[in-house]
Amino acid sequence: MPTTNRQLHLQSRPKGLLAPGDLQLKESSLPELKDGQALAKVKYLSMDPTMRVWMAGDTYLPAVGIGEVMRAAGFAEIVESRHPDYKKGDRVTGLTGLQDYVIIDSSEKRFFQKVPKIPFVSDTVFLGVLGINGLTAFFGMEIAQAKKGETLVVSAAAGATGSIAGQIGKIQGCRVVGIAGTEEKCAWLTKDLGFDAAVNYKDSNWKEKLAAATPNGIDIDFENVGGEIMQEVLSRMNLHGRVVVCGFISGYTKEDPNMVSLGTVIVKRLRIQGFLILDYASRFMEAATQLGQWKMFGKLKDRETIVEGLEKASDAINMLFTGGNIGKLIVKL
Ligand SMILES: NC(=O)c1ccc[n+]([C@@H]2O[C@H](COP(=O)([O-])OP(=O)(O)OC[C@H]3O[C@@H](n4cnc5c(N)ncnc54)[C@H](OP(=O)(O)O)[C@@H]3O)[C@@H](O)[C@H]2O)c1
């Protein structure tokens, strides 16, 4: 049985991107398991922009405390168990934290979900298309109430959530336009995922390109970014359009996030709704079943960017904010 654990502790609250030392690698010994506990080996860690939010302060979850193991979602396999609900070999997803091993304790409220072994399906899908990102895209698109023929614009479209949201829009019969930060990402969206158009927001004339890609205006904004991108999309919205506010990644590393002026919401009679995936927990199974079927029948394609090694997690988190990932970003341990 393993006796030591490596963990990344939050040592200081980052300013901007994570700097060396904000997360510190420490080694500790693993205690003997008590009744009601199981030990799980973390195999994959999900890199999520919200981790940067958790480092900054209290929001929808309390901030990670200085000196605490950094909170993160992950995929783990039970290696030893004295827990009534788990046996050796069971596979789970949940808030494992940035560490090699996690102790799951029946007296703690931390939520872990058992996941099945499905032939020809990689374990990592449970962190991406069949995990939080797929579920977020699913419920975000439910809020959007898309109708056939409407124009949907998705920002951070080549990321884990945006790429699925756009494909759901295609399944629902929308004209789908993605906004992403490289030509390679834009080509993936149009050539592989079936988006009708993709606009690289780093091009100097991206606003003209967005206008050309949305000749009938925009009915739905699946907003992952905020700031200037959201402002431009809002300016092209049609009357009674819907704005699904999934995330504002452009602001997470800033002290003073770019504000968006909402005057157009009145003029265009827009409906704006923010949401948190945590609120949909009772419907995860229903959504995962649908996402799984779409994936099985080739209607949903997913892609992963894998970084190897716990010690690389800090750089990996930064990749989310510099655009270094295509699809789901995962750290493999
Ligand atoms: N509401 C919820 O419950 C919920 C749940 C999960 C995720 N989210 C949100 O969904 C969004 C996407 O998350 P994800 O996990 O799927 O990450 P992701 O899209 O896989 O990765 C983030 C991507 O955002 C883009 N980006 C970063 N900074 C940007 C900026 N300043 N301007 C424009 N694009 C920028 C980058 O791609 P480019 O190369 O295109 O710049 C990057 O690859 C985030 O806002 C996140 O907070 C919300």
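I count as a salt bridge a side-chain nitrogen of Lys or Arg within 4 Å of a carboxyl oxygen of Asp or Glu. The model is predicted, so I take local features only at pLDDT of at least 70 and side-chain atom pairs only at pLDDT 80 or more, while totals for chains, interfaces and linings use all residues. Residues are numbered from 1 along each chain as its sequence is written, and side-chain values use heavy atoms, with hydrogens and water left out.

**Entry 1. Salt bridges.**
I looked up the pair of aspartate 48 and lysine 328, and their side chains form a salt bridge at 3.0 Å, N to O. Aspartate 48 sits in the loop between β3 (37–46) and α1 (50–56) and lysine 328 in strand β15 (residues 328–332), so the bridge ties together parts 280 residues apart in sequence. I take helices (H or I, at least four residues) and strands (E, at least two) as DSSP runs, numbered from the N terminus. Aspartate 48 and lysine 328 are both buried; I use buried for under 20% relative accessible area, exposed for over 50% and partly exposed for in between (1.4 Å probe, protein chains only).

I then listed the salt bridges under this rule and got 17. One of them joins arginine 6 to aspartate 100, with the closest N and O atoms 2.7 Å apart. Arginine 6 is in strand β1 (residues 4–10) and aspartate 100 in the loop between β5 (91–94) and β6 (101–105), 94 residues apart. I find arginine 6 partly exposed at 26% relative accessibility, and aspartate 100 buried at 10%.

I also checked lysine 87, whose side chain meets that of aspartate 90 in a salt bridge (3.1 Å, N to O). Lysine 87 is exposed, at 56% relative accessible area, whereas aspartate 90 is buried at 10%. Through shared partners, salt bridges join Arg6, Asp100 and Glu311 into one network.

**Entry 2. Surface patch.**
I noted a nonpolar patch of Tyr60, Leu276 and Leu278 on the surface, with about 250 Å² of accessible area together. For such a patch I join nonpolar side chains (Val, Leu, Ile, Met, Phe, Trp, Tyr) within 5 Å, from residues with over 30% relative accessible area and no salt bridge. Accessible areas are from the Shrake-Rupley method with a 1.4 Å probe. Leucine 276 lies in the loop between β13 (271–274) and α8 (284–296) and is partly exposed at 33% relative accessibility.

How values were computed:
Patch = residues over 30% accessible without salt bridge, like charges linked within 9 Å, V, L, I, M, F, W, Y side chains within 5 Å.
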